[in-house]
Amino acid sequence: MNYFKLAWRNIWRNKRRTLLTAASIFMAVFLALLVRSIQTGWFDNLVNVVIQSYTGHIQIHKNGYWDDKDINNSMYCNDSLLRVLQSVDNIRNVVPRLEYFALSSFKQQTKGVLLIGTDPVKEDNLTHLSRKIIQGKYLQNTQHGILVAQKLASYLEIKTGDTLVLIGQGFHGVSAVGKFPVQGILHFPSPQLDNQMIYMNLPTAQEFFGADNRITTVSLMLNNPDHINQTVTLIRSVINNDRYEVMRWDEMLVEVMQQLKAKTAGGNIIIAILYMIVGFGIFGTVIMMTNERIKEFGVVVSVGMQKTRLAIIVLVEMIFIGLTGIISGIAVSLPIMLYYKVNPIHLTGNMAKTFINYGIEPLMPLAFKPAFILGNVIIVLIIVSLTCVYPVRKIFKLNVVEALRK
Amino acid sequence: MNIIEIKNLTKIYDKETIPVYALNNVSISFQSGEFTTIVGPSGSGKTTLLNMLGGLDKPTEGEIIIDHINITKLRSRQLIDFRLRNIGFVFQSFNLIPVLTAKENVEFIMQLQGTPKGLRENRTNELLRSVGLGDRVDARPNKLSGGQQQRVAVARALASKPKFILADEPTANLDSKSAENLLEIMEQLNKEENITFIFSTHDARVVAKARRIVTLEDGKIVSDIAK
Ligand SMILES: Nc1ncnc2c1ncn2[C@@H]1O[C@H](COP(=O)(O)OP(=O)(O)OP(=O)(O)O)[C@@H](O)[C@H]1O
Ligand SMILES: [Mg+2]
């Protein structure tokens, strides 16, 4: 096609300008993708820490439990429910828990705690709870020893081997009182958890709260978290939806997500500024390119080229330059993103210390999602289209006689 | 047979402030096969007349009828198409498309007309040969002399098989030898292929070659001599 050839030749009539424009788009796309990748990697990493240390990807409760976390909103735990869940595609771990508040007391000290009764083996598969033991030993199904979070333990001045008194209100208002030997101390990355968590095995907790065979939560870990929505749909199709609520991690961690999103706003501003600079750069090029060619536009229109056709040629030129920048930007950043997704960056210095203090490995994986690329392609195409308004307007308002006189 | 009929053509510039009558009630007709020059002092209205005739500009008043079509009534898109199919243009400053070769510049017009590729190529080669540029078909305009560029422009103007060719001072930017050469080619095309040329000039030697001389002064025709 000859018009395409014409556009192609026009692109290269000022090589340096074309290359500079494409290069500026390349830089913007490259940096934007990297920023987005780092940001999302950081975000996902932190969210994963929360998911893996506590919530799991999906939880199932009795309807209404999440809004009112009361033991009276617990549900009867039948094996068939757990078995059904276990058989749903993509579900790796199914952990039943009974969670409720109680008062802990040791010698002179008293403190409110969150008590979690769980299946020690399944819990460990999901949250690797045993790795958080800094003293003593992990839970066993047969013993009614408990694990106490570190900060809580130091507040209560209790150590392994001591006996903790727990007092609370059980299922249907029965009073719950018990004495439990401390068999291990846990360290949690989050100070909030470290201040209030107590773990015991599920039957012990059920007995303590007078809630035989009842649980408040089933926590699920998925093989592929990206397919969470399909999995939720599958779960809903096999359980009684009048009785149970199925919640995704992001529905449960609304506040955490909001905090993290606020922290990533900075990156978005950088990206916006980048694209603004590039936008003005392209606009400058387009203005120069257009004004240099006004006479030529006049010639081709006077010899019989329709203005729409001329405008299309100019658009093709601009889109080509835009695509060159986009494709090269993606081509260069893609391997970097994929490499550091698989081989996370090892953080050093203060950054690493902060991570370690929060019990998070000082690793910084980059994220990669097709949406990043799509987003950038769309942004650049929008910028290019907006700048094209100038030459297209010029073409349609072109006065042939005046253009020829230039 | 009259191919162009101009009736009471008036063009007024700056109508609101100090009106300039670039053309003042001009009536004239042209026939197929003419070799006509428009002369007159600077500012007499030559360019204005040629622009109106080529449908590049609209008159203030009057009619231009080309082959039974009143082009002053055509809408912008129709007018562009009319120019493509009926009128060839040669400009003073050559105005070839810089990124296309001599051959591609000529082909470009036929491409706009939708001529099939094979036909296009044959005709392009033929036209470039007839203007004496058979050996420079692949050169870009910046590799050609002014005279050569203007000959490509003539070939381009012929490409669409127009009813007539308009040329506003086609030799003004050429040295005398190139100018003479261009005129010879135009004359030859006129004689051998019956191509109609209407061109303006200030050059006495060019005027001498014309067979009809129309003189403008202050936007009016003051003489119209056929040799
Ligand atoms: N766009 C315009 N705006 C205002 N006046 C114009 C415009 N174009 C031409 N004129 C005026 O119209 C008159 C005729 O101009 P025109 O260009 O047709 O003359 P010309 O015979 O071609 O002159 P030259 O030999 O210098 O090319 C002149 O007085 C000129 O100043
Ligand atoms: Mg003039």
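Residues are numbered from 1 along each chain as its sequence is written, and chains are lettered from A and ligands numbered from 1 in the order in which they are written. In this predicted model local features need pLDDT of at least 70 and side-chain atom pairs count only at pLDDT 80 or more, while totals for chains, interfaces and linings use all residues; side-chain values use heavy atoms, with hydrogens and water left out.

The secondary structure of chain A amounts to 15 helices and 14 strands, where helices (H or I, at least four residues) and strands (E, at least two) are DSSP runs numbered from the N terminus. The radius of gyration of chain A is 31 Å, whereas a compact globule of 406 residues would have a value near 22 Å; this quantity is taken over C-alpha atoms, and the globule rule is 2.2 Å times the number of residues to the power 0.38. Along the principal axes, the C-alpha atoms of chain A fill a box of roughly 100 × 50 × 30 Å. Of the 406 residues of chain A, 50% count as buried, with buried meaning under 20% relative accessible area, exposed over 50%, and partly exposed in between (1.4 Å probe, protein chains only).

Contacts (heavy atoms within 4.5 Å) were also classified by sequence separation. In chain A, 79% of the contacts between residues at least 6 apart in sequence join residues at least 24 apart. Chain A carries 39 positive and 26 negative side chains, and the centres of the two sets are 17 Å apart. In this count Lys and Arg are positive and Asp and Glu negative, while His and the chain ends are not counted; the place of a charge is NZ of Lys, CZ of Arg, CG of Asp or CD of Glu.

Chain B comprises 7 helices and 10 strands. Its radius of gyration is 17 Å, close to the 17 Å that the globule rule gives for 227 residues, so chain B is as compact as a globular protein of that length. The C-alpha trace of chain B spans about 50 × 40 × 35 Å along its principal axes, and 58% of the 227 residues count as buried. For contacts in chain B between residues at least 6 apart in sequence, the share joining residues at least 24 apart is 69%. The accessible surface of chain B is about 10100 Å², with 46% belonging to carbon and sulfur atoms. Chain B has 30 positive and 27 negative side chains, whose centres lie 5 Å apart.

An open sheet of 4 strands in chain B has the order E2-E1-E4-E5 and antiparallel pairing; two strands pair if DSSP finds at least two bridges between them. The edge strands are E2 (20-31) and E5 of chain B, each of which pairs on one side only. Strand E1 (residues 2-13) is joined to E2(B) by 8 bridges in the antiparallel sense, and Glu5(B) has Ser29(B) in E2(B) as its bridge partner. The loop between strand E4 (61-66) and strand E5 (69-70) of chain B contains His68(B). His68(B) is not a glycine, yet has a positive phi of about 75°, and it counts as exposed at 76% relative accessibility.

Parallel pairing is found between E6(B) and strand E7 (residues 164-168) of chain B, over 4 bridges. Within this pair, Gly88(B) stands opposite Ile165(B) in E7(B). From strand E6 (residues 87-90) of chain B, Ile87(B) and Phe89(B) point one way and Gly88(B) and Val90(B) the other way, and all are buried. The loop between E6 and helix H3 (102-113) of chain B holds Asn95(B), which is buried with a relative accessible area of 10%. Not counting residues up to four places away in sequence, Asn95(B) touches Lys295(A), Val299(A), Leu404(A) and Arg156(B).

Helix H5 of chain B includes Arg151(B), a buried residue with a relative accessible area of 14%. Beyond residues up to four places away in sequence, Arg151(B) touches Val131(B), Gly132(B), Leu133(B), Asn181(B), Leu182(B) and Ile185(B). Lys161(B) lies in the loop between helix H5 (146-159) and E7 of chain B. Lys161(B) has a positive phi near 50° although it is a residue other than glycine, and counts as exposed at 60% relative accessibility.

Note on methods: Areas by Shrake-Rupley, 256 points an atom, 1.4 Å probe, with all protein chains shown as cover.
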